[in-house]
Amino acid sequence: MGSEGPSPVTVHVTGFKRFHGVAENPTERIVRGLQPFMETRGLPKGLVLGSCTVLEAAGQGALGPLYELLESTVSGRERQERVILLHFGANSGSHRFALENQAVNEATFRCPDELGWKPQRTPIISSDGSILHARQTTLPVKEISKSLQQMGYDVVPSDDAGRFVCNYVYYHSLKFAEKHGIGSLFVHFPLFLAIDEEVQMQFVASLLEVLASLNFQ
């Protein structure tokens, strides 16, 4: 039985709406277009695209919808079923893709989020203690990055997801993933001015191929 390769994996993808300073968030376009794009291209063997959701670019005020989504990914899940929460966010100052290895328990927003919240040095989850506390993904970020680099993409592993909404959502997702024994990964995307939309869509398709090939529990 062990020679049959990885068991099927269900991937739930999120992106963000526009936010301060970024009039068009590339991840909103990518996530809205991902289902039809993959239907045309064909999903990797053993991978199910469970959902594609665009989130409000907000922290505390958007927790309700975030947790509704998170809970829906494990509702009725078979114990052995593999699930990955795959989050996309924009880094307007970057010219490459970044796979985030961790999130930290600190919300320090350089500007208010889209619901007007601007925390400073605030714990994301107070019961986790210090704002220095970090949560790591269980997915092999370096291995995934290397596979994508070999496919020709400009992508790097990263240990700094910032302290804004991306890090805030990722931290909650990582805690949820640990509790339920599933995977979580955050990917930062450049703007379309740096890498055009077609290449970014191809990158996502390649990322899904790599995730489908992983052996993880």
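**Reading the labels in this model**

Me: Which residues are in contact with G50, once its neighbours within four places in sequence are left aside?
Reply: With those neighbours left aside, G50 is in contact with T10, V11 and H12. This is a predicted model, and contact here means heavy atoms within 4.5 Å.

Me: Why is G50 called partly exposed?
Reply: G50, which lies in strand β2, has a relative accessibility of 39%. Buried would require under 20% and exposed over 50%, so at 39% G50 counts as partly exposed. As for its place in the fold, the C-alpha atoms of G50 and Q150, which are 100 residues apart along the chain, are separated by 27 Å.

Me: What makes A62 a buried residue?
Reply: The limit for buried is under 20% relative accessible area, and A62 has 11%, so A62 is buried. A62 is found in the loop between β2 (47-55) and α2 (63-74), where, apart from neighbours within four places in sequence, A62 is in contact with E56 and L115. The C-alpha atoms of A62 and E114 are separated by 9.6 Å, although these residues are 52 residues apart along the chain.

Me: Why is R121 called exposed, and what is said about its phi?
Reply: Exposed means over 50% relative accessible area, and R121 has 59%, so the label applies. R121 sits in the loop between β6 (106-107) and β7 (122-123). Its phi is positive, at about 50°, although R121 is not a glycine. Most residues other than glycine have a negative phi.

Me: How do you know that S173 is buried?
Reply: S173 has a relative accessible area of 0%, which is under 20%, and therefore counts as buried. Within helix α4 (residues 165-180), which holds S173, the residue is in contact with L70, L85, H87 and S184, leaving aside neighbours within four places in sequence.

Me: Why is V187 called buried, and which residues does V187 touch?
Reply: The relative accessible area of V187 is 0%, so V187 is buried. From strand β10 (residues 183-189), V187 touches L86, H87, F88, G89, A98, L99, F203 and L207, not counting residues up to four places away in sequence. V187 is also among the residues of the largest nonpolar core that touch the most other members, a group that includes L86, F88, I144, L148, F203 and L207 as well. That core has 69 residues. One of them, L148, touches L99, Y153, V155, F203, S206, L207 and V210, again without residues up to four places away in sequence.

Me: How do you know that the radius of gyration of the protein chain agrees with that of a compact globule?
Reply: With 217 residues, a compact globule would have a radius of gyration near 17 Å, and the protein chain has 16 Å, which agrees. The C-alpha trace spans about 50 × 40 × 25 Å along its principal axes, and 51% of the residues count as buried. The chain comes to 5 helices and 10 strands. Among contacts between residues at least 6 apart in sequence, 79% join residues at least 24 apart.

Definitions and conventions. Residues are numbered from 1 along each chain as its sequence is written. This is a predicted model: local features need pLDDT of at least 70, side-chain atom pairs count only at pLDDT 80 or more; totals for chains, interfaces and linings use all residues. Side-chain values use heavy atoms; hydrogens and water are left out. Helices (H or I, at least four residues) and strands (E, at least two) are DSSP runs, numbered from the N terminus. The radius of gyration is taken over C-alpha atoms; the globule rule is 2.2 Å times the number of residues to the power 0.38. Buried means under 20% relative accessible area, exposed over 50%, partly exposed in between (1.4 Å probe, protein chains only). A nonpolar core is a set of buried Ala, Val, Leu, Ile, Met, Phe, Trp, Tyr and Cys residues joined through side-chain atoms within 4.5 Å.
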